[in-house]
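Welcome! Take a moment to look over the model shown here, and then let us walk through it together.

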Amino acid sequence: MRLLLSVCAVLGLAFSAGARAPEQVADAVILSDGLPRLLSDYHFFRDASGWQPNERVTPYRLNMPLFSDYAEKYRFLYVPEGEQAKAGGDGLLDLPVGSALIKSFGYEMDGKVRLLETRVLLHRADGWLALPYVWNEAQTEAVLKVAGARIPVTFTDPSGKQRSIDYGVPNKNQCKECHALSGEVTPIGPKARNLTRDGQLAEFARLGLIDREPAVDYRVPLWGEASAPLNDRARGYLDVNCAHCHNINGSASNSGLFLTYEESMPVRIGVNKRPVAAGRGSGTHAFDIAPGDPDGSIMIYRLNSLEPGISMPEVGRTVVHAEGVALLREWIAEMVKKN
Amino acid sequence: MIRTLLVATALCLSAPALAKTVTVDPGSDAQERLQEALILAEPGDVVQLGAGRFDLVDGLSLDVDHVTIRGAGMDQTVLNFAGQLGAGEGLLVTSDHVVLRDFAIEDSKGDGIKSKGADDIVYYKIRVEWTRGPHAENGAYAIYPVESKNVLVDSCTAIGSSDAGIYVGQSENIIVRNNVAKFNVAGIEIENSIGADVYNNIAVNNTGGILVFDLPNIPKQGGRNVRVFDNIVVDNNTPNFAPEGNIVAQVPTGMGVMVMSHYDVEVFGNRLAENGTGNILIVSYTQEQNDPNYNPKPIGVRIFENDHGRAGYKPAFPGGDQLKAAFGGAIPPIIEDGTGEKILIGDDVPVLSMGLTKPGQPLTEARPALVAGASEPFDGRQLKPVTLPQAMEDAVR
């Protein structure tokens, strides 16, 4: 019986794929219950090299991006025809079943960007699914790597320093580690408060991707927006880089350290908070944040480390984000010291 | 007969029809082959690990319900993480009804095996070890179930953790039995949990043998109903090597069983000896905290029928040496700080109270004195035994 059903599903998939113009995004592939082997199976891009988004695949940028080893990142949102995301408040856009988020990662090498991987987040009938696809050397095809990969790359960071790293493509479970809320996969990036730049929300509404332009009360500053209040910049950085795990329903819920933009209790964001299970991650310090003392704060110690078991975030970082650390150091230094 | 039928039906419903065994052997690309097997496993599957040493370069993880990972034995199948480049632990389990058995994790960079939000988890004949022995840069926890309901840790070995060898945190309904914990800072620790039976374990050569703690500013609080019984807790005198900042860094070297700020703990029938500071310590949480929902005191601790050997001959806390001299070479084997409520002690040994009156009070204000225990032996068993779902018990038969 089960076998029959899956045969039907495969046939149905074949029919629908055949019936549609090949250049359209393959809704049936997004919605299938399999693990598509090739990125090109989805038709998210018109070209084989993953640069030209297909119809209804809309590029977007975040105010504050997650730090990913200085990789260049390209984000796209797909909402199927006849569907619309619901927008409301500052939080996540409520994307309908059939939607997809697509994010390519690469580095500039020899004057042009070479893609390493493209991660897709698919909204299927039974929930979201996160899958990583790794690009081939010729940049003509990206193949599913459920177990992730390490790719040696050399690039130049914003300070002009050349770096060689083993770039980490997360495995399917690691995708979920960050994207889990109460154990279910969920998008992280497309929160209204982090999408306010360049009139994007108005544009999304105009294109009909969202039902209305949400009124955002408390936006996240742009990365590098020096005129924004220091507290907003620091809290925005923590929200984007840490809060997907460090929230009460996230992978780091047991830590009691909650770094969401909405959190208002000082001890929960780490102020004079003792570690729970940090082990050597404590760096011999007593508090996550020791006000006025960045060097005595576990948060800074862990962001400055590259050692597994110490470094934070646990996934997706093999170099120190010097600029991010500098921002948080400044923020902690300006906090009123406890007497 | 009807009963058999019912059981058979239940099995059919819970076990998927096409359960299979996937074998992964050591060798090149072990990381990718093993991780892929764990990702592609389906409910009911067994991932069988061959004998030998797997050299892993990243953390591993399992997120599929009803999967068994089984090796050829805790000394035969070794997952070695000395070359680990990322992740906070060797193996992370985030799914329910998982059985881990008969393999070892060595030298992971962070924790050994962490299972988070993983209900009905079984650890059986697992060894987690940092092979260089006690070291501040070893991972924190060897076996680390957290935020889980129904936890069984049975016949495992934990060696060298810089925090706790077997640490069960923020969980409910727990059995930790038949294990060996040695050369860890804390051998076995139950923290911020509800309902745990810790028995038939051997905790030896740790800084502290068995700890029962409840800490503030943690999502799950109100730790209660823990029974520590029939364990051998001997010679826990390894100097504390926990990194500063962690609560266990404050555990005095030479500790047998330590209860801190907890509700309803029973400690009975244990063999306790050669613990330089003391066999049993009952204290409040001492550090400054402003958590309005937190109880810093030990309330309802019952100590009885324990067999005490030598203890208190090397008390590792401020003023310990003076006390030792005052008591003629060894302080009493049972120590309480004086702040607890409903502390009942029936063991036939002297009990030292530090005479503190409120949690957080410095030891300099202590007024140490011998206190009277129970006038005669008593049976303090009030808590019900923990029972686990039958499938978990069946998994270790």
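In this predicted model, chain A splits into two domains: domain 1 covers 8-207 and domain 2 covers 230-333. Their C-alpha centres are 27 Å apart. Where the two domains of chain A touch, 23 residues of domain 1 are in contact with 17 residues of domain 2.

Let us look at the domain 1 side of that meeting place.

The largest share, 5 residues, comes from E8(A).

Leu85(B) sits in the loop between strand E6 (77-80) and strand E7 (89-93) of chain B. Is Leu85(B) buried, exposed or partly exposed? It counts as partly exposed, because it has 17 C-beta neighbours inside 10 Å, while a buried residue would need 20 or more and an exposed one 12 or fewer.

Which residues does Leu85(B) contact, leaving aside its neighbours within four places in sequence? In chain B, the partners of Leu85(B) are Val57(B) and Asp58(B). From chain A, Leu85(B) is in contact with Arg150(A), Asp166(A) and Pro308(A). Val57(B) lies 28 residues away from Leu85(B) along the chain, yet their C-alpha atoms are separated by 5.7 Å.

Definitions and conventions
Residues are numbered from 1 along each chain as its sequence is written. Chains are lettered from A and ligands numbered from 1 in the order in which they are written. This is a predicted model: local features need pLDDT of at least 70, side-chain atom pairs count only at pLDDT 80 or more; totals for chains, interfaces and linings use all residues. Domain bounds come from an automatic or database domain assignment. Two residues are in contact if their C-beta atoms, placed from the backbone, lie within 7 Å. Helices (H or I, at least four residues) and strands (E, at least two) are DSSP runs, numbered from the N terminus.
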